[in-house]
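Hello,

Here is the structure I promised to pass on to you. Have a look at it first, and then read on for what turned up in it.

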Amino acid sequence: MYRVMLGKISAISDDALPALLLCLAPDGGRRAPWIAGRALLMQALALPILPEIVYGENGKPAFGDDIRLWFNISHSGDDIAVLVSDTGEVGCDLEVIRPRRNWPRIAQAMFSSAEQAELMSATEANRLTVFWRIWTQKEARLKYAGQPVWAMATQDSHAASPPFCCQHQPDDRLMLALCTSTPYRFAAHDLTFYPAEIAVNETPK
């Protein structure tokens, strides 16, 4: 089973979580994304309360070893996504398609030769979208492996080896990359929006 839950951080209030879980929420700017991520996770897994979440060496969150469920959370601006699985490790990255300072230089430093060729073959009008398509795949692969962001250059979206990655555009503003431990083609019924369903179009690689 794989399932993706999408939502708006600003639309998910404190009362979406049980009081015992809410008391663990951090203060400051991290509070709203923290609450939204756990609210989406509870809904995606249909759990009344979440098991304890632990953190790996590079900060990747996971349930304890006795819980055979895997998840990953990503947010960009007010948008947030949760990918859950009962099959094995997962990684996801959600990004708002937006101008980024020095993004051509970032691509030159971080992208493989195949990724740079893909970027340069795109029309100028579409190049920023292609940049984010490649970036989200690379970051989703990093998050799948529990690697830090400085290892970005070691990940190649053109790699044929696992994890298995696919991409979706929830709308023309967003790019979402999903990495799973087994091949899976995401269907519309796997993708839901908190609290109502939303259609998501698959973006070819």
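A residue is called buried here when its relative accessible area is under 20%. That cut-off is needed for strand β5, where 7 of the 7 residues are buried, so the strand is largely enclosed by the rest of the structure. Please keep in mind throughout that this is a predicted model.

On confidence: the mean pLDDT of the chain is 90, and 95% of its residues reach 70 or more. The stretch to be careful with is residues 197–205, where the pLDDT is below 50, although in the model this stretch has 26 contacts beyond near neighbours in sequence. Where pLDDT is low, the predicted coordinates should not be read in detail.

The sheet around β5

Strand β5 belongs to an open, mixed sheet of 4 strands, in the order β4-β5-β1-β9. At the edges stand β4 (70–76) and β9 (191–193); each has a single partner strand, so one side of each is left without a neighbour in the sheet. On average, neighbouring strands are turned by 15 degrees against each other, ignoring direction.

In a regular strand the side chains alternate between the two faces of the sheet. For β5, Asp 79, Ala 81, Leu 83 and Ser 85 point one way, while Ile 80, Val 82 and Val 84 point the other way, and all of them are buried.

How is β5 held on either side? With β4 the pairing is antiparallel, over 7 bridges, and His 75 has Ile 80 as its bridge partner in β5. These two strands make a hairpin with 2 residues between them, and Gly 77 in the turn has a positive phi of about 60 degrees. With β1 the run is antiparallel too, joined by 7 bridges; here Gly 7 stands opposite Ile 80. The parallel part of the sheet is the pairing of β1 (residues 2–8) with β9, over 3 bridges, where Leu 6 stands opposite Phe 193.

Helix α2 (residues 31–45) packs on this sheet and touches β1, β4 and β5, with its direction at about 40 degrees to that of β5.

Which residues of α3 are buried? They are Trp 103, Ile 106 and Ala 107. Seen down the axis of α3, these fall within an arc of 100 degrees, so they line one face of the helix. Arg 105, Gln 108 and Ala 109 are exposed on the other side of α3. The cover over the buried residues of α3 includes α4 and α5.

Leaving out residues up to four places away in sequence, Ile 106 touches Arg 100, Arg 101, Phe 111, Phe 131 and Trp 135.

Helix α4 (residues 113–121) can be read in the same way. Glu 115, Glu 118 and Leu 119 are its buried residues. They cover an arc of only 100 degrees around the axis, which puts them on the same side of α4. An α-helix has 3.6 residues a turn, so residues three or four places apart point the same way. Ser 113, Met 120 and Ser 121 are exposed on the other side of α4. Among what covers the buried residues of α4 are α3 (103–110) and α5 (127–145).

The cysteines

The structure holds 1 disulfide. It is formed by Cys 165 and Cys 179, whose sulfur atoms are 2.3 Å apart. The link joins distant parts of the chain: Cys 165 lies in strand β7 (residues 164–169) and Cys 179 in strand β8 (residues 174–180), 14 residues apart. Which hand does the disulfide have? The torsion about its S-S bond is about 95 degrees, so it is right-handed.

Cys 166 is in no disulfide, and the nearest cysteine sulfur, that of Cys 165, lies 7.8 Å away. Cys 166 counts as buried, at 11% relative accessibility. Cys 23, by contrast, is exposed, with a relative accessible area of 57%.

Enjoy looking through it!

Best wishes

Conventions: Residues numbered from 1 in each chain as written. Predicted model: local features only at pLDDT ≥ 70, side-chain atom pairs only at ≥ 80, totals over all residues. Heavy atoms only, no water. Buried < 20%, exposed > 50% of the residue type's maximum accessible area, 1.4 Å probe, protein only. Arc of directions from axis to C-beta. Contact = heavy atoms within 4.5 Å. Disulfide = S-S within 2.5 Å. Pairing = 2+ DSSP bridges. Axes fitted to C-alpha atoms, helices over the stretch in contact; angles between N-to-C directions. pLDDT = per-residue confidence, 0-100.
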